[in-house]
Amino acid sequence: MSRTIIDYLEKQKDNSCTAYIDGDTEVSFKDILGKAKVIASNLSAYLKPGEPAAILSGRHTGTIAGYLGIVYAGCYYAPIDGEMPVSRISKILSLLNPSVLITDAEFRKTAEECGYSGKLLSLEELSEGTADEEVIRARTAHYDGSDPLYVLFTSGSSGVPKGVLTGQESVMNYIDAVCEVLDVKEDDVLGNQAPLDYIAAIRDIYIPFLTGCKTVILPKKEFAMPSLLFRTLIRNGVTILCWSAAGLETLARLKAFDCKPEDLPVQLKTILFSGSVMPGKVLRQYQEHLPRTRFINQYGPTEATASCTYYEVDHVVAEDEVLPIGVPYRNYTIFLRREDGSEAEPGETAEICVGGPGVTIGYYKDPERTALSYIADPRDPGKRLYRTGDYGRYREDGLLEFHGRMDRQVKHFGHRIELDEIEGAAGRIDGVEGCYAYYDREKEVLCLAYAGTALKSDIAKAFRKDFPAFMVPRKVTQLEEIPKLPNGKTDMSKLREILKGQ
Amino acid sequence: MEELLKVLGEIRPDVDFAGETALIDDQILDSFDMIAIVSAFDEHYGVTVKPADLVPENFNSAEAMLAMINRLKK
């Protein structure tokens, strides 16, 4: 009998220590589980065990209770951050087609605007009443570690978000492994940066249940105001940050370290970062200002449950240094796959494929895409591998290096962006005749060149309406025409020349 | 003020900078916008916004930003 997420959560059911802090609100393990069970009992009237439930809500502990409530109801959750544009929420809901959409008071209006025709439930109302342990036991009795825990939506090249369906065992396996590397103790305090519907948040949500530590949900506006953020980190005694590299970079670019020594969060024991390549010059600033802090570089896709390899930085890095992505976490395997499917030799660059229990179930309602990306492991055909679409290479010392993408996907501030999706969206704007999306790696700016009569502000407004902020091109260039090659493809070298002259 | 509204409008054409008074507190501006705004202030007005100046009171409205720019210019 495999371990289930219920076993995992129930370990803390009598623990009255704080699990999550959100502003002035503190909630204990016992209370959040109690609330989750009330939600589960109320939800059972609307959901059959094994179906997905969507939850559209904000950045607070109620959202976490909602996720766990869905789990206790024998179902799996599809988290959607309320800050996302309505049109994107609509796309997710029409793909998922859930029988219920749970929403908090803050985003009720958004939920009503997104054209969802199923049952709309209030998170606050679901949290009222008493828990029915009997119902919960009956609904979760069927659980097996391979049952889904959540489905997370990420950018897809066709313009339709992809839902990554993830099993309970994948998440527990990852949390076990990452806690081992982070060396999390009961008295540690995590500082949550990621939106709660984002893969990175699974650490902040589930690590407390394994270790008894707590997570502080950091206020979003403070990321734009680093001195306030540092004060919050110090006041709450935060010891571990698991952030996107981009989040750390943003603070550095806002000159966060340009402060008095006593205002630095020197109590930080470990900072783990992932999501994009950490520039050496940024990491070095952190190392210089926080000399006692450990830094860990982590790599991996949502499809392999957050991450699959890590590298603990063991020296002060050079400004132009690129860190390796290191070695696999416990229970993860790496297979470097040549185009013909065979395994690459050390020193050879090939596609990084991931094996082990961290490999997720697949793309929601998309068997074709799943079959392309989730393949049989040539070393053990009964097992599966996930093809990341990233290039990797082993160094002589056995550490893995990241060598970029095979397709047109880019990482911008830690978020995946498919340039094809940006072009598709720009092409649908009135007055855009042709367009080309690209990424300026140097300045870290998402750029769009277009031809047509649309104004630059039309483009920005159209993107703001349909996409999260990180997907809005920040540099927009209007051209007479997009140069084409005889085969109809964009003439890249000519375009680059034109853009240089702008 | 007109010049400032133009600078801010380039960064966020969808925001009514003349009317909003809680740009930070209502999370209308995020950290990407702040990076762009700080570098635009440097470019257009030659002022360096220090971390100590990065507080909601200085960025909640265009008026507050203008007052801060004028303070920093001195």
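Residues are numbered from 1 along each chain as its sequence is written, while chains are lettered from A and ligands numbered from 1 in the order in which they are written. Because the model is predicted, local features need pLDDT of at least 70 and side-chain atom pairs count only at pLDDT 80 or more, whereas totals for chains, interfaces and linings use all residues.

**Stop 1: the sheet in chain A**

Start by selecting the strands of chain A that run in the order β2-β1-β10-β9-β11-β12-β13-β14-β15, an open sheet of nine strands with mixed pairing. Strands (E, at least two residues) and helices (H or I, at least four) are DSSP runs, numbered from the N terminus, and two strands pair if DSSP finds at least two bridges between them. At the edges you will find β2 (25-28) and β15 (327-328) of chain A, each pairing on one side only.

Now zoom in on β1 (residues 18-22) of chain A, which pairs with β2(A) in the antiparallel sense over four bridges. Here A:Asp22 stands opposite A:Thr25 in β2(A).

**Stop 2**

Select α9 (residues 201-211) of chain A: nine of its eleven residues are buried, among them A:Arg203, A:Asp204 and A:Tyr206. Buried means 20 or more other C-beta atoms within 10 Å of the residue's own, exposed 12 or fewer, and partly exposed in between, with C-beta atoms placed from the backbone.

Next, pick A:Phe230 in helix α10 (residues 226-235) of chain A. Why does A:Phe230 count as partly exposed? Because it has 19 C-beta neighbours inside 10 Å. Leaving out residues up to four places away in sequence, A:Phe230 touches A:Ala256, A:Asp263, A:Leu264 and A:Pro265.

**Stop 3: where the chains meet**

Finally, show both chains: 19 residues of chain B are in contact with 22 residues of chain A. On the chain B side, helix α2 (residues 31-45) of chain B gives the largest share, six residues.

Terms used. Two residues are in contact if their C-beta atoms, placed from the backbone, lie within 7 Å.
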